[in-house]
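Subject: Handover of a structure

Dear colleague,

Please find below the structure that I am passing on to you. My notes on what was found in it follow directly after.

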Amino acid sequence: MTYQETVDFLYSSVPLFQQVGAGAYKEGLSNTHKLDAHFDHPHKLYRTVHVAGTNGKGSCSHTLAAILQSAGYRVGLFTSPHLVDFRERIRVNGEKVDEQYVVDFVENERSFFEPLHPSFFELTTALAFKYFADMKVDIAVIEVGLGGRLDCTNIISPVVSVITNISFDHVAFLGDTLAKIAGEKAGIIKRGVTAVVGETVDETRTVFETKAKELDTAIVFAEDSPEVMEHSFNKDGGIDYVTRRYGSLHGELGGFCQVKNANTILCAVNVLKQEGLNITAADVINGFAHVCQLTGLMGRWQTICEKPKTVCDTGHNVGGFEWISQQLKAVVGHKRMVFGMVNDKDVSGVLNLLPKDATYYFCQASVKRALESGQMRSLAEGYGLKGKAYGTVAEAYDAAIDEADGDDFVYVGGSSFVVADLLTYLYQNRPKYVKKL
């Protein structure tokens, strides 16, 4: 098979959550343990960092990987979902897994995994763990897929467990209260492994404290001993930080939520240093300043055009839009919103946070879970949001750009899959707007 044929086989033969949602979710770790044993437990051959949380885990994972790369380590990075190419999920020192490796893995192991009927994520996790071992990484940053306790990444024994924050998302699987969701995320906390928790409320903090006490494990609440002392938003779109231990940092990521993420990241770095990793202030500075270049991160308040100013962001739930809505309020110029969501999110909660003084271009991403754009428009009208519906993200984006003046602001988002469709479209048709993928 060719690489594209192999990826098409994976998409069609194993359940893919980003396409079908609940039908792809498999509770329990039975398949994961069978796959892990088949490959002789490859994750035991290198150190790991485990990152969970409702929002921010992607930014934190990529930045930690960038810092570790800057420190001279050979670093694996496993994240999800991908935006343009499946191989974005699995990287070593920023380079995507080789196409031929993916082809060989499927062809050589198909007779074993097909009878198991694994989910897409179970199989992808096994592929990543084996690839990192074969590539002889020193350490791998592993982002949880969904939840934590029953996520198939939760077979690792990391040097630090990181939980960014807790808000409502995937309530059908994780629970309908913050405490229940925190309980699932707290499942990555392990005996003897320091846990770093970025943000809490009373309801979630108690859950984490109880879990850490039960396991006799040290826990660090980043908000209790903040590393970030001051911050300011730079005119180039990034954030400048003054920190307690690492001096002045320039963060390449400019979303308002990144201030909280930065504090979580720096507290995790403190723990990594305590665990014997050689990380200097210069490594931290370089990782923050060049995270996109070092790791290939895309879609985090990413500027894709300057005239008109056009930004895309993968924020996709109420917790994410509480930050995005603040950032949109600070925008100068008329806002044109290319917007779509998937049908298993709190659509009403997000719509309630969106600016009413904007022109909307409602769209639907090319996944089965996408909310139909006409329905999206109808729901939005109930919140005073006016605009037209378009069949695809590309059509909505082109309409917004065609109607925008040079001083307008164009936002593309509402779902990771809206951003994925946009970047795919630009990469194929207007590559000068997109950084090297």
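Predicted model: local features only at pLDDT ≥ 70, side-chain atom pairs only at ≥ 80, totals over all residues.

In which loop is Pro 308 found? Pro 308 is found in the loop between strand 12 and strand 13. Helices and strands here are DSSP runs, numbered from the N terminus, with at least four residues (H or I) for a helix and at least two (E) for a strand.

Residues are numbered from 1 along each chain as its sequence is written, and side-chain values use heavy atoms, with hydrogens and water left out.

The chain as a whole

The chain has 17 helices and 17 strands. Its radius of gyration is 21 Å, close to the 22 Å that the globule rule gives for 437 residues, so the chain is as compact as a globular protein of that length. That radius is taken over C-alpha atoms, and the globule rule is 2.2 Å times the number of residues to the power 0.38. The C-alpha trace spans about 55 × 50 × 40 Å along its principal axes.

Of the 437 residues, 59% are buried. Buried means under 20% relative accessible area, exposed means over 50%, and partly exposed lies in between (1.4 Å probe, protein chains only).

Among contacts with a separation of 6 or more, 72% are between residues 24 or more positions apart. A contact means heavy atoms within 4.5 Å. As to charge, there are 43 positive and 53 negative side chains, and the centres of the two sets lie 1 Å apart. Lys and Arg count as positive and Asp and Glu as negative, whereas His and the chain ends are not counted. The place of a charge is taken as NZ of Lys, CZ of Arg, CG of Asp or CD of Glu.

Strand 12 (residues 302-306) pairs with strand 13 (residues 309-313) in the antiparallel sense, over 4 bridges. Two strands are said to pair if DSSP finds at least two bridges between them. Thr 303 has Val 311 in strand 13 as its bridge partner. A hairpin through 2 residues joins strand 12 to strand 13. The peptide bond between Lys 307 and Pro 308 is cis, with omega about 0°.

Strand 6 and its neighbours

Strand 6 (residues 160-163) pairs with strand 1 (residues 47-52) in the parallel sense over 4 bridges, and Val 49 has Val 160 in strand 6 as its bridge partner. Strand 6 also runs parallel to strand 7 (residues 195-197), to which 3 bridges join it. There the bridge partner of Ser 161 is Ala 195 in strand 7. Val 160 and Val 162 point one way from strand 6, Ser 161 and Ile 163 point the other way, and all are buried.

Ala 140, in strand 5 (residues 139-143), is buried, with a relative accessible area of 0%. Leaving aside residues up to four places away in sequence, Ala 140 touches Tyr 46, Arg 47, Thr 48, Val 49, Gly 76 and Phe 132.

Backbone features in the loops

Most residues other than glycine have a negative phi, and most peptide bonds are trans. Pro 81 is found in the loop between strand 2 (75-78) and strand 3 (90-92).

His 41 is not a glycine, yet its phi is positive, near 50°. His 41 is found in the loop between helix 3 (30-38) and strand 1 and is partly exposed, with a relative accessible area of 28%. Asn 93 likewise has a positive phi, of about 50°. Its place is in the loop between strand 3 and strand 4 (95-96), and at 31% relative accessibility Asn 93 counts as partly exposed.

Yours sincerely
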